[in-house]
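Biologist: Hello! Could you walk me through this one, a question at a time?
Modeller: Gladly, let's take a look together.

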Amino acid sequence: MKILFLSLIFFQAGLMSQQNDFVPGWAKKAVWYQIFPERFRNGDTSNDPKVENIRGSYPHDAESPWQIHPWGSDWYQLQPYEKLNEKNIWFNIQRRRYGGDLQGILDKLPYLKELGITALYLNPVFEAPSHHKYDGATYHHVDPNFGPDPVGDRKLIENEDWNDPKTWVWTKADLLMLKLIQEVHKNGMKIIFDGVFNHMGINSLAFRDVVKNQKNSKYADWFKILSWDDPEAGTKFSYSGWWGVKELPELNQDENGITSSPKSYIFNITRRWMDPDGDGNPADGIDGWRLDVAFCVKHQFWKEWRVHVKSINPEAYLTAEVIDTIPEVQPYLTGDEFDAVMNYNFAFTSAEFFIQKKNKLTASQFDKTLKELRSAFPECVSYVQQNLFGSHDANRIGSHIVNADLGSYRNWGEYFGLSKGENKNYNPRKPNEEEYAIQKLFAVFQMTYVGAPMLYYGDEAGMWGANDPDCRKPMVWDDITYDDERFMHDQTLRSPDKVTVNKDLLEHYKKLIAIRNAHPELQTGLIETLLTDDEQDVYGFRRILDNNVTDVYLNNSNKPAVLNLKGKNKDLLSGQIFTGEITLHPKQGVILKKLFAP
């Protein structure tokens, strides 16, 4: 009777929430997978970058000996070619290229399908000299080294006019991207690109033209120019780089955001990738965007850009990088800018409950904080928030657990530095079984809680690593042999760690994702707190959609916990059937379906 009563209440609440539902429906059911293209899979060695392709990227050394870095090498070990420049590991890591490309992603779509992934987020794919590609040389061409003909592609684009999309060609890398989009869709998945609209790179045609022609450049109004070369006035050319980084010249803004010329370019490339053949049918284009450093662009630009995006594809998904407190995030999520954000507040809260030992949240505090986070935004937003833990800008979850009390994840600025491998107090070792058990428990929560879970490539395989750049190691694959990790960043030795796919963890993620995909209440159902047992450190909640009900209990302690439940319950994870009393092992989660008598 209680379930029937709750169903009626939730149904009425659902009708009310639909009136303010401005997010794409598919995004509520998504299981996201973030791919860092250069480090995911080298599917075509013929397109591997050459040393000239890294010119324009930090640390600006295209003269020292260089080669494609061995995929399976020890991450911190300086290779023979690197030792010749007599620089340290941090200098050399930035020069490394491993050859990841679009063919590699295409080749591994079956892996992602088997894992249960339904949506891909690709870090920047546009032409750029860096490994991360946030220093875009263009936004209308995929990096030629991600495609089959880098030399031919670069020749093909020489005569384009950036201000005239009619002159833009489709390179072989672009066409391979269109094939990837098509194959992603054939596999029942969605795909979004990283939009980096706050800045470009010093290799961009527009910026190079400004440097060359100064005030006379047709792109003179594109960037935040602080002063021009002017011998009479005694000034030298100077410009604003994102957070002072000169490799990332910022696009010009006024009170309404990005100014008209670069804005027009951004609007044009948006249409190009969302409706490639220009026939008004967006089925052959990407399904949305993730917006880099969105907080660095004024709100009015995003409002106008959202209208443009939704006019191309009303079901497009827009998610933003806004790492801040709830009051700072709220203005972006009222329905006229983004549908969601990368939900770092979810990650912060999860770290405080599952991982931190000092200043740890109790079960009741955890529940209270989660409720505050859900209630801060329109209900539809909570269902499409990208519920992540790690990313390309954070240490991996396994390493976070190893370094549990290094600092507060919520204190983003400070923790960003503390969690880097260069911190002498940071432990770079592989997680042990007990630490992986914590990751597995978090995964149970992530895959059953409200919002769209997002994996950072390789987390499901047990990868570990400190913050940028160590969180960007090459993906671990079964068909590649990896050297043991035994080098520290200062080239001293430590106890070796085997680098292999953690098959137990991988199967755990597969099972969890399959459970989420098979039970609609875990995707779009409402949530009700069932238990906050601070003494036993157990948290329980219910997901309900119509007559579909699933209960989740998490034993977050290092001791067994005893629960007294009514009736028969089947754990979808283990297949075990419980009658009445349940004993949860330390760090065990259960996903229960009630078994009713016939």
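Biologist: How many of the residues of helix 12 are buried?
Modeller: This is a predicted model, so everything here is computed from it. Helix 12 spans residues 344-355 and is mostly covered. Its buried residues include Tyr344, Phe346, Glu352 and Ile355. The count of buried residues in helix 12 is twelve of twelve.

Biologist: Thanks! Where is Asp275 found?
Modeller: Helix 9 covers 260-274, and strand 8 covers 288-291. Asp275 is found in the loop between helix 9 and strand 8.

Biologist: Which side chain of opposite charge is nearest to Asp275?
Modeller: Asp275 is buried, yet it has no salt bridge. A salt bridge needs the charged atoms within 4 Å. The nearest side chain of opposite charge is 5.0 Å away, and it belongs to Arg271.

Biologist: Which residue's backbone nitrogen does the side chain of Asp275 reach?
Modeller: Leaving aside neighbours within four places in sequence, Asp275 is in contact with several residues, among them Asn281, Pro282 and Ile312. Gly280 is also one of these contacts. At 2.9 Å, the side chain of Asp275 reaches the backbone nitrogen of Gly280.

Biologist: And how many disulfides does the structure hold?
Modeller: A disulfide needs two cysteine sulfurs within 2.5 Å. For Cys296, the closest cysteine sulfur is that of Cys471, and at 19 Å it is too far for a bond. The number of disulfides in the structure is zero.

Biologist: Is Cys380 buried or exposed?
Modeller: Buried means under 20% relative accessible area. Cys380 has 5% relative accessibility, so Cys380 counts as buried.

Terms used. Residues are numbered from 1 along each chain as its sequence is written. This is a predicted model: local features need pLDDT of at least 70, side-chain atom pairs count only at pLDDT 80 or more; totals for chains, interfaces and linings use all residues. Side-chain values use heavy atoms; hydrogens and water are left out. Helices (H or I, at least four residues) and strands (E, at least two) are DSSP runs, numbered from the N terminus. Buried means under 20% relative accessible area, exposed over 50%, partly exposed in between (1.4 Å probe, protein chains only). Lys and Arg count as positive and Asp and Glu as negative; His and the chain ends are not counted. A polar contact is a pair of N or O atoms within 3.5 Å; within protein, one must be able to donate a hydrogen and the other to accept it, and residues adjacent in sequence count only if both atoms are side-chain atoms. Contact means heavy atoms within 4.5 Å.
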